[in-house]
Amino acid sequence: MAPRLTDQRDIEFVLYEQFKVDAFLQSDKYKAFNKKMFDMVVKEAKNLAVKEIFPTYAECDREGVKFENGAVRVPECLRKPHQLLAEGEWGALTESQEYGGQGLPFTIAQAALEYLIGANYIMMTYPILGHGAGKMIDLFGTEKQKELFLKKLYTGIWGGTMLLTEPGAGSDVGALTTSAKKRDDGLYDITGSKIFITNGEQNLTENIIHPVLARIEGAPAGPRGFPCSLSPRSGSMKTAPWARPMT
Ligand SMILES: Cc1cc2nc3c(=O)[nH]c(=O)nc-3n(C[C@H](O)[C@H](O)[C@H](O)COP(=O)(O)OP(=O)(O)OC[C@H]3O[C@@H](n4cnc5c(N)ncnc54)[C@H](O)[C@@H]3O)c2cc1C
């Protein structure tokens, strides 16, 4: 029997009776869509969730994430659904087409995510974290950074994280000591230790973009004056070749 990941009637009620999502179709932003398309997205998410993602849920727990010979290996069963999510650009449902997205309303994307996350939350943390890192670049990054990172982060081809916590800086993130030192070429060398980083290493994506909270040399103490640098997976944090501060 197919798993009942969420209540379809409940989703339809929230979308069309409570939020009256079909009224969005009158707006310029969503006039290229119709209700049938909204329904199709949710239905396809359900299919993907039931057929491809849910079967990995128990398997994922059984196999677990392994750390061997200095490398992290995620359960092999996650590879196919991850690829299907990236190919279908499911991570970018609400984003602009320029960056691999479909420009759908947030409410429709949430309905789709209800199924996908319900099928295996662990699996979905990979595209969701990549999307989060992308969103930060979208909102605060330069045009060049958007061009470099957005499409791959939004569609899940690259993974993303958020490096804030340190052994001596949790809730009090302003106590962090990771530092960023400007080099002659305008990039930054980052030095420090981060802990508890969700998906900080994995072998699902060809790259992982780490937004790193670090104090620029000479910045005042406390939570002010932290730029967020972008660092790729390869190489040590010390000499991240793409490290650049964001405003
Ligand atoms: C599942 C998981 C995933 C995580 N993923 C990430 C990640 O991706 N990136 C990242 O940077 N970090 C991540 N973290 C770390 C998370 O952000 C920290 O755990 C969090 O900031 C708390 O810090 P801490 O664990 O050092 O606890 P502390 O800050 O040491 O807190 C310990 C206890 O003291 C309490 N406390 C703290 N300060 C005060 C205060 N001023 N007054 C009263 N009580 C206080 C807290 O409520 C808590 O009960 C993750 C943590 C978890 C559990």
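## Contacts with the ligand

A polar contact is a pair of N or O atoms within 3.5 Å; within protein, one of the two must be able to donate a hydrogen and the other to accept it, and residues adjacent in sequence count only if both atoms are side-chain atoms. The structure is a predicted model, in which local features need pLDDT of at least 70 and side-chain atom pairs count only at pLDDT 80 or more, whereas totals for chains, interfaces and linings use all residues. Residues are numbered from 1 along each chain as its sequence is written, and side-chain values use heavy atoms, with hydrogens and water left out.

A backbone N or O atom of L164 lies 2.8 Å from an oxygen atom of the ligand, and a backbone N or O atom of M162 lies 2.8 Å from a nitrogen atom of the ligand. For F196, a polar backbone atom is 2.9 Å from a nitrogen atom of the ligand. Taken alone the ligand exposes 980 Å², of which the protein buries 33% (accessible areas by the Shrake-Rupley method with a 1.4 Å probe; for residues, only the protein chains shown count as cover).

## The shell around the ligand

## Pocket and cavity

On a 1 Å grid over the protein atoms alone, a cavity is a set of points where a 1.4 Å probe fits but cannot get out, a pocket is an open set with protein on both sides within 12 Å along at least five of seven lines, and lining residues have an atom within 4 Å of a point. Grid points are joined across faces, edges and corners, and a volume is the space filled by probe spheres set on the points.

The largest pocket has a volume of about 280 Å³ and is lined by 17 residues, with G91, T94, Q110, L113 and H131 nearest its centre. Two or more lining residues come from each of α5 (106-119) and α6 (121-140), and α6 gives the largest share, six residues. By class, the lining of this pocket has 10 nonpolar, five polar and two charged residues. In the whole structure, one cavity of 30 Å³ or more is found; the largest cavity, with a volume of about 30 Å³, is lined by H82, L85, A86, G91, P127, T155 and G156. Helix α4 (residues 79-87) gives the most to the lining of the largest cavity, with three residues.

## The three-stranded sheet

An open sheet of three strands has the order β5-β4-β7, with mixed pairing. Because β5 (188-191) and β7 (215-216) stand at the edges, each with a single partner strand, one side of each is left without a neighbour in the sheet. Helices (H or I, at least four residues) and strands (E, at least two) are DSSP runs, numbered from the N terminus, and two strands pair if DSSP finds at least two bridges between them.

Strand β4 (residues 179-182) pairs with β7 in the parallel sense over two bridges: S179 has R215 as its bridge partner in β7, and A180 has I216. Toward β5, by contrast, β4 runs antiparallel and is joined by four bridges, with K182 standing opposite Y188. Five residues lie between β4 and β5 in the hairpin that they form, and G186 in the turn has a positive phi of about 90°.

Conventions. Ala, Val, Leu, Ile, Met, Phe, Trp, Tyr, Cys and Pro count as nonpolar, Asp, Glu, Lys and Arg as charged, and the others, Gly among them, as polar.
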